[in-house]
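Work through these exercises with the model in view. Try each task before you read its solution.

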Amino acid sequence: MEYGQVSQTALKVATTMITLNQKPGWRNRLPEGLAELSEQLILAAGIYPYTSRLMRASKRAWAVRLSDLGESFQPGTFEGLGERKIFMNEQVLAAIAAGATQVLVVGAGFDTLCLRLAPLYPGVQFVEVDHPATGAVKARAVAQVGQPGNMTLIAADLGAQPLSQALADCAVWNPERRSGIVAEGLLYYLAPESVHSLFQEAAACTALDSRFAFSHLTGLSQHGFARAALQLFGEPWLSASTVKELPGYIGPGWQVIETRAGGNRDLEGFAVAESYPRSCRLPP
Ligand SMILES: C[S@@+](CC[C@H](N)C(=O)[O-])C[C@H]1O[C@@H](n2cnc3c(N)ncnc32)[C@H](O)[C@@H]1O
């Protein structure tokens with residue numbers, strides 16, 4: 001990502017949720033409050049051209065039709081993003097039900113998961129990490145919308161700084177606790193070695209049996225149009241993995257326990273991994 005520029009893809013994902021909420025059948029499928037909070041966050045961020053006018057346009061029937069058309073060319077750019085939000089939400093709820101007492105969303109962008117779930121789970125700490133260029137704007141927007149007491153935002157470039165260092169100054173994060181981690185729409189902006197170290201760092205920053213839910217690009221050579229567009233936005237893709245290659249992509253210390261397949265035409269697949277004892281891990 002280019003330093004100093006707020007993530008356009010993060011703003012786009014949040015705006016897409018506002019449009020998807022208008023598509024018949026989706027209002028009841030998306031996690032409660034997601035679309036409304038996305039709009040509040042975007043407006044509070046105050047980034048041109050994400051104005052109230054654009055928010056109104058995003059809710060129009062033609063915006064839904066246009067997004068449908070986009071998805072017919074590139075699966076995963078409209079309903080696929082909604083499926084991703086639902087998957088991550090479900091996985092965090094499952095991690096909390098399994099005993100996680102802290103949740104970390106890495107590369108959070110304008111995601112609303114922590115904002116929505118923090119008031120519902122006052123005994124759980126919710127922490128977000130994002131690149132400083134986006135993290136600073138998100139922090140301002142969250143403060144305006146109303147930051148729950150059990151939600152913390154950290155600004156860090158994970159391409160340049162290990163996760164453990166980013167979490168070291170976070171008073172509420174406890175590496176001895178079982179955790180639920182989310183990285184949606186992030187891994188492909190990291191080089192393969194940074195993906196490896198992110199998972200290793202995540203294992204070192206959490207107790208055993210923690211869960212890591214993530215999305216992954218299924219290949220770097222397909223999706224030429226989307227690839228070119230993102231390169232233009234200064235957010236080029238750097239890594240990918242097929243479902244079969246996932247164990248090697250995320251590295252030792254984590255076992256993939258569930259996948260929601262991304263086929264050849266799909267932009268992304270979704271997966272969950274669970275951390276297992278260090279003694280059972282293969283050397284890197
Ligand atoms: C496609 S957006 C996804 C945002 C959010 N996870 C969602 O799905 O709504 C990618 C996010 O990853 C963040 N990101 C990209 N590279 C990063 C890095 N090196 N360190 C930290 N965050 C990064 C961007 O700032 C952006 O918020």
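**Exercise 1. Check the span of helix H5 (residues 79-97) against its number of residues.**

Step 1. H5 has 19 residues, and at 1.5 Å a residue they should span 27 Å. The expected span is 1.5 Å times one less than the number of residues.
Step 2. The end C-alpha atoms of H5 are 27 Å apart, which agrees.
Step 3. The buried residues of H5 include Leu81, Phe87, Met88 and Ile96. Buried means that 20 or more other C-beta atoms, placed from the backbone, lie within 10 Å of the residue's own.
Step 4. Just after H5, Gly99 has a positive phi of about 115 degrees.

The model is predicted; local features need pLDDT of at least 70, side-chain atom pairs count only at pLDDT 80 or more, and totals for chains, interfaces and linings use all residues. Residues are numbered from 1 along each chain as its sequence is written.

**Exercise 2. Describe how H2 passes H7.**

Step 1. Two packed helices are described by the angle and the distance between their axes.
Step 2. The axes of H2 (residues 34-45) and H7 (residues 132-145) come within 8 Å and cross at roughly 115 degrees.
Step 3. Gln40, Leu41, Ala44 and Ala45 of H2 make the contact with Val137, Ala141, Gln144 and Val145 of H7. Contact means C-beta atoms, placed from the backbone, within 7 Å.

**Exercise 3. Find which residues come nearest to the ligand.**

Step 1. Of the 19 residues around the ligand, Ser7, Thr9, Gly107, Gly109 and Gly185 come nearest. A residue counts as near if its C-beta atom, placed from the backbone, lies within 6 Å.
Step 2. Helix H1 (residues 8-20) gives the most to this shell, with 3 residues.

Methods: Helix = DSSP H or I, 4+ residues; strand = E, 2+ residues; numbered from the N terminus. Axes fitted to C-alpha atoms, helices over the stretch in contact; angles between N-to-C directions. Left-handed = near helix turned anticlockwise from the far one by under 90°. Contact = placed C-beta atoms within 7 Å. Buried ≥ 20, exposed ≤ 12 C-beta atoms within 10 Å, placed from the backbone.
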